[in-house]
Amino acid sequence: MSIPRRRALASALTGAIALPAAMLATRAAAAPGVDEPPLPQPPRPLQLPAFSQQTLANGLTVVVAPRPGLPLLSLTLALRAGPEADPAGRPGVAEMLATLWPKGATRGGRRVGASEIARQAEALGSALDARSSWGASTLAMTVTTTRAEAALALMADVLRRPLLAADELERARAQALDALRVTLGDPGEVARLVLRRSFWGDVPHGRVAPPAAVQRLTLADVQAFQSTWVRPDQVALVLAGDTTPEAGLALAQRLLGDWRAPAAPPPALALAAPRPLDKPLVLVDLPGAGQSGVVVAAPFVAQAAAERPVALVANAVLGGGYSARLSQVVRIQRGLSYDARSLAESFAGGGMVVAQSQTNHPTAAEVLALLRGELTRLADAPPTADELAARQATLVGGFARRLETTAGLSAVLVGQWAAGRPLADLARHVPAILAVTPAQVQAFARQHWTAGALRAVVVGDLAAAGDALGAQQPGTLRLRLSELDLEQAGLRKPG
């Protein structure tokens with residue numbers, strides 16, 4: 001390189017090196033919230049709207065959560081029936097009905113197909129969301145306040161007068177079967193399905209809908225569920241956003257007040273407690289799988305249990321985030337997985353907490369031992385004060401974030417109504433979480449998370465996982481995926 005060129009390059013580099021100093025000078029004068037992120041603010045108290053719950057003469061519940069200031073309203077029609085209400089031997093009916101609701105309805109005496117229903121919803125500025133989950137099946141939209149009546153009129157027709165057409169059922173069946181083919185190739189998903197059957201057993205909350213069940217579904221099954229469960233005294237209209245209790249009640253009366261309830265009382269469900277499989281460990285061989293799915297279940301509390309706040313905090317300590325114990329021991333300390341966490345569910349008959357992770361086959365046995373170990377260790381090693389405070393903050397923050405949007409607020413209210421819990425309990429939720437002590441968490445774990453109460457499932461390439469898996473637990477049930485039958489109490493296909 002010539003001397004002039006070297007001098008030019010040196011000059012350019014000198015200028016480049018001098019640039020950060022100029023940038024630092026600019027940064028020193030930066031305005032928080034304009035040139036850089038805003039400064040942290042003092043914590044704000046959680047403020048809940050003044051909830052209103054009223055009942056129409058036909059038994060339909062109207063729940064209103066006013067949030068003025070932004071002209072948006074989230075509307076949800078919730079049916080107090082989900083997969084737990086599926087007839088015996090017919091899992092998947094509730095989910096299929098929810099899928100078919102927006103696929104056509106009678107509107108103004110005219111049959112309107114799926115495409116037009118979708119166009120009408122979009123013209124109101126929102127998709128029509130339909131889904132079915134434990135405890136409730138829902139239709140929901142979020143629209144500007146001026147379009148609320150038109151949105152509810154559409155939702156009411158879809159819920160009360162769905163077409164339930166045979167061709168739409170076949171289309172939805174094909175889509176469901178395609179989704180199940182993907183699910184049954186994922187070791188983590190298979191593990192969670194098997195664990196539900198293994199922990200809950202042959203009770204309503206232990207039912208899953210494998211491909212054979214979806215194939216058996218008939219239009220008569222879906223129509224029967226609609227006629228049995230979809231009635232005003234099993235439905236709530238939840239409104240969250242720019243409205244008032246008076247306006248919400250008047251809207252419900254105009255569009256749903258003419259809906260007559262049948263003379264017979266609504267159906268009653270006997271929601272039983274879990275009846276776990278007598279095999280504490282189930283191994284499912286999925287040759288060629290990329291990784292192993294590892295899940296462990298332990299008892300949780302029922303919806304109405306007084307110790308539910310303690311249970312929620314115990315689950316948060318166990319696996320409620322990156323800094324929780326499962327993530328610490330499985331991911332951070334040992335590097336065995338990208339994710340390790342726990343999830344909890346509560347129903348009238350009881351509940352289940354699931355510790356879950358995914359790992360390489362040779363380390364599946366180690367991850368299984370760690371998940372089990374952390375569940376039972378909480379009985380001997382209660383959270384420290386700092387650990388507890390961090391997990392409580394996570395729970396409170398998560399709850400507060402759900403209330404930030406009208407759709408999130410509506411979902412919280414639907415869950416509260418579907419579970420039969422008073423709306424007033426929401427105001428006590430945060431204080432109850434913050435009042436939990438380390439000793440209460442330890443006592444909860446000692447009572448519920450014992451080694452004998454655990455059920456575990458590992459799904460993966462068992463040959464690659466080695467013999468250590470089966471050696472962990474006497475009486476292990478070992479199956480090939482081709483032998484698995486999620487509708488059988490013993491999980492194995494007959495014959």
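Contact means heavy atoms within 4.5 Å. The model is predicted, so local features need pLDDT of at least 70 and side-chain atom pairs count only at pLDDT 80 or more, while totals for chains, interfaces and linings use all residues. Residues are numbered from 1 along each chain as its sequence is written, and side-chain values use heavy atoms, with hydrogens and water left out.

**View 1. Surroundings of W449 in the largest nonpolar core.** A nonpolar core is a set of buried Ala, Val, Leu, Ile, Met, Phe, Trp, Tyr and Cys residues joined through side-chain atoms within 4.5 Å; buried means under 20% relative accessible area, exposed over 50%, and partly exposed in between (1.4 Å probe, protein chains only). The largest such core has 61 residues, of which L375, W449 and L469 touch the most other members. Leaving aside residues up to four places away in sequence, W449 touches A298, P299, A314, N315, L318, V353, L375, T376, L378 and F444. A second, separate core has 50 residues, including L77, A98, L124 and A148.

View 2. Helices (H or I, at least four residues) and strands (E, at least two) are DSSP runs, numbered from the N terminus. Axes are lines fitted to C-alpha atoms, for helices over the stretch in contact, and angles run from 0 to 180 degrees between N-to-C directions.

View 3. Strand 14 (residues 477-480) has L477 and L479 on its covered face and R478 and R480 on its uncovered one.

**View 4. Packing of helix 10 against helix 13.** Helix 10 (residues 308-319) packs against helix 13 (residues 385-402) at about 110°, their axes 9 Å apart. Helix 10 is therefore roughly perpendicular to helix 13 (65 to 115 degrees; under 35 counts as roughly parallel, over 145 as roughly antiparallel, the rest as oblique). L312, V313, A316 and V317 of helix 10 meet E387, L388, R391, Q392 and L395 of helix 13.
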